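Me: I have a new structure to look at and would like to be taken through it. Please start with the overall picture and then go into the parts.

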Amino acid sequence: MKKFKNYGSSFWLSNDFDTDFTSWDKSGYKKRKVVEHTKLASTQRAISNFVNIVTGKQIPVRFIESNSSYTDGNTVTIGTNLDGNNFDPAVGLALHEGSHIAFTDFDILKDCNKLGSAFHKTVAMQGCDPDMNMTSEQLMIIKDILNWVEDRRIDYHVYTTAPGYRVYYEAMYDKYFNDKVIDKALASREKTQETWDDYLFHIINFTNPNRQLNSLKALLEIWNVIDLKNINRLKNTQDALVLSCEIYKLIKKAVALEESQEQINSQAVKSDLDNDIPEDAEFEITDNDNDASSSSSTSSLSASQQKKLEKVIQKQKEFLNDDAKKIGRLSKKDARIVETLKNSGTESREVNVGGSESAPVMVTTTVIKKLNQAVVMTLNDMFDTYSAEEVFIHGANPLNGSYEFSCYQDMHKAVTEGIILGRQLGRKLQIRNEERTLKNTRLQSGKIDKRLVSSLGFGNESVFHRIVTDQFKNFFIHISIDASGSMRGKRFENAVKSAVAVAQAASMTTGIRVQISLRGTTGDYNSSKSTTLYAYDSAHDKMSKIKTLFPWLKTFGMTPEGVAFESIYRDIKKDAKGDECIFINYSDGMPGGVHGVSYCWDGVDYTRRIVNKMKEIGIHIISYFIDGNGGYGMNQFRKMYGQEAEFIDPTSLTKVSMSLNRKFLELGESV
């Protein structure tokens with residue numbers, strides 16, 4: 001596998017980051033490559049953030065399975081899956097297109113191929129169409145020149161104001177403009193005809209160190225007019241258009257002179273042929289009889305190189321016209337999954353599961369920060385069969401009679417019952433909404449009580465008062481549900497029911513924020529990754545989200561326990577924002593292995609250490625063992641979560657409220 005050792009992105013992806021966003025699935029009879037959706041999604045989101053940082057604007061960046069990359073003035077579209085050596089050029093391309101949105105005036109380019117348009121009128125005012133006989137093709141030549149000049153103007157701005165991103169621009173230009181066949185063509189003086197195409201070829205490659213400024217008659221003058229070293233003198237797209245018009249006039253003059261000379265030569269040859277020629281005259285064809293500037297007779301490129309050169313030139317033209325062809329391609333399904341994960345805030349995080357400080361053992365985990373309809377579709381693998389509209393607008397009808405529909409019905413019942421239980425608990429928590437105010441008067445200090453001011457003249461000095469208001473503490477509750485395969489069925493339904501009850505109760509009171517997450521593993525047995533899915537956050541979600549999406553939740557993979565906690569517990573403390581933080585765990589078993597840990601890895605001891613870390617930073621733990629029945633399981637469970645870990649039926653409202661009440665009392669508050 002290729003590693004990031006000499007790539008610009010290695011500083012933020014680490015040197016061990018695999019540039020191949022696919023892996024081998026060995027679970028079947030034959031190996032097959034599968035897309036690493038999570039890794040690709042998190043990387044795409046990072047690139048989108050780069051664009052926003054460089055441009056200072058919130059510019060949407062889409063990565064789709066289309067055939068080209070472009071910008072429509074509002075959104076950047078990159079037709080790439082970021083595979084292998086194409087990674088840095090794709091980053092550079094996204095930055096380049098995003099910079100156009102930030103700094104290019106697209107109104108100037110509107111209807112640039114139409115005669116009589118504002119673009120044509122501006123060009124005519126610059127003296128490019130004195131006879132008013134310009135064609136649409138000539139207008140497009142000016143537009144092509146403007147694209148190149150505008151690229152230089154904008155790239156110079158970004159290159160000098162954001163030097164940390166230079167490496168991506170260099171990778172992009174190496175891909176599109178510094179091909180070896182271009183180097184050889186320039187060095188061997190290819191494209192030396194006084195034609196529009198040859199002039200544009202040399203101008204487009206002015207940034208190439210192998211440029212030959214004496215290859216064409218007007219090339220040096222054009223180089224001086226452009227003055228690349230001082231390109232920052234162009235302050236906007238209008239300035240770039242004025243310069244493009246000057247370049248156009250110089251090329252037009254040179255091409256016209258050449259055409260005029262060819263016409264004179266043609267007439268002279270015709271005149272010679274009309275003269276009487278002796279019958280015994282002999283002709284010898286020499287190199288001098290051919291056009292000395294013809295690339296076909298003096299070319300040092302082979303036929304295959306000539307063919308490749310034309311392809312590279314076409315690629316350059318497509319780049320200038322914001323139509324850079326795809327760099328790799330995803331299937332429609334893979335593209336939709338990656339887009340879903342990116343929009344859900346999916347991140348890949350490295351977690352240390354052992355080893356020494358100098359040689360830690362790191363495993364990759366996945367954190368999905370936002371449950372949405374598309375994530376539900378992915379979780380249930382419904383992308384190929386149904387649309388979100390069919391499932392969420394028209395209800396579960398498309399799945400009627402299927403296994404998925406049966407699971408949906410069971411979970412829908414659990415969610416409904418959880419809401420009912422939550423309303424009962426919420427009424428008990430209503431007291432939190434009340435404030436107790438006590439006013440103490442006739443004090444020696446405090447604020448003056450206006451009603452006692454009149455008694456000052458009678459020697460009364462106790463005219464002050466204090467008002468004491470008792471308020472309840474704010475609490476942050478994170479509920480983590482084990483969603484491994486062994487929880488399937490009633491265990492999972494009961495855990496979700498209990499979590500929904502707490503969320504419903506919190507929504508009826510003030511000062512309690514609730515997060516609900518699921519944890520499991522994704523991938524096959526040989527590449528399983530700990531995956532945590534944030535399903536609900538009362539800070540920005542409503543109970544309607546639980547009613548709509550929670551019935552579609554399902555179990556996935558094995559039990560990551562401590563590995564999953566390690567990947568998110570710092571976020572939990574940060575989200576608490578100084579409030580009392582309670583972590584509630586629902587689980588039914590012992591930790592399972594994840595890809596990357598050693599054969600003798602002790603998941604129980606590792607989970608114990610992570611739970612202790614959580615306690616050390618002020619996270620209070622309540623742990624429920626679903627359907628626990630003592631014995632070995634009890635000892636191991638309490639070894640991980642502490643002696644306060646409970647073995648209860650989570651659907652019992654009394655048990656849950658008692659556990660919460662004990663924790664509130666412990667923290668100085670009761671309900």
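Predicted model: local features only at pLDDT ≥ 70, side-chain atom pairs only at ≥ 80, totals over all residues.

Me: What part of the contacts with a separation of 6 or more comes from residues 24 or more positions apart?

Reply: Such residues account for 68% of those contacts.

Me: Let us turn to the sheet. In what order do the seven strands of the open sheet come?

Reply: The order is β7-β8-β14-β13-β12-β15-β16, with mixed pairing. The edges are β7 (347-355) and β16 (619-625); each has a single partner strand, so one side of each has no neighbour in the sheet. On average, neighbouring strands of this sheet are turned by 25° against each other, direction ignored.

Me: What holds paired strands together in general?

Reply: Strands of a sheet pair through backbone hydrogen bonds, and the pairing is either parallel or antiparallel.

Me: In which sense do β8 and β14 pair?

Reply: β8 (residues 360-368) and β14 (residues 529-537) are paired in the parallel sense, over three bridges. I368 faces L533 of β14.

Me: What about β15, is it mostly covered or mostly open?

Reply: β15 is mostly covered, with seven of its eight residues buried. With β12, β15 pairs in the parallel sense over seven bridges, and S480 stands opposite N585 in β15. β15 also runs parallel to β16, joined to β16 by seven bridges. S587 has F625 in β16 as its bridge partner.

Me: Which strands does α19 lie across?

Reply: α19 lies across β7, β8, β12 (475-482), β13 (512-522), β14, β15 (580-587) and β16, and runs at about 30° to β14. Another helix, α20 (residues 603-616), lies across β7, β15 and β16, running at about 140° to β16.

Me: Staying with α19, how far apart are its end C-alpha atoms, and what span should its residues give?

Reply: The end C-alpha atoms of α19 (residues 562-576) are 20 Å apart. At 1.5 Å a residue, its 15 residues should span 21 Å, so the two values agree.

Me: Where is the kink in α19 centred?

Reply: The kink is centred on I568 and is about 45°.

Me: How many residues of α19 are buried?

Reply: In α19, 12 of the 15 residues are buried, so the helix is largely enclosed by the rest of the structure. Among the buried residues are F565, I568, Y569 and I572, as well as E566, D571 and D575.

Me: What follows α19?

Reply: K577 follows α19, and the phi of K577 is positive, near 55°.

Me: A change of topic: in which helix is Q504 found?

Reply: Q504 is in helix α17 (residues 490-507).

Me: Why does Q504 count as buried?

Reply: Q504 has 9% relative accessibility. Buried means under 20%, so Q504 falls in that class.

Me: Which residues does Q504 touch?

Reply: Leaving aside residues up to four places away in sequence, Q504 touches I419, G422, R423 and M543.

Methods. Residues numbered from 1 in each chain as written. Heavy atoms only, no water. Helix = DSSP H or I, 4+ residues; strand = E, 2+ residues; numbered from the N terminus. Expected span 1.5 Å × (residues − 1). Bend = angle between axes of the 7 residues up to and from the residue. Buried < 20%, exposed > 50% of the residue type's maximum accessible area, 1.4 Å probe, protein only. Contact = heavy atoms within 4.5 Å. Pairing = 2+ DSSP bridges. Axes fitted to C-alpha atoms, helices over the stretch in contact; angles between N-to-C directions.
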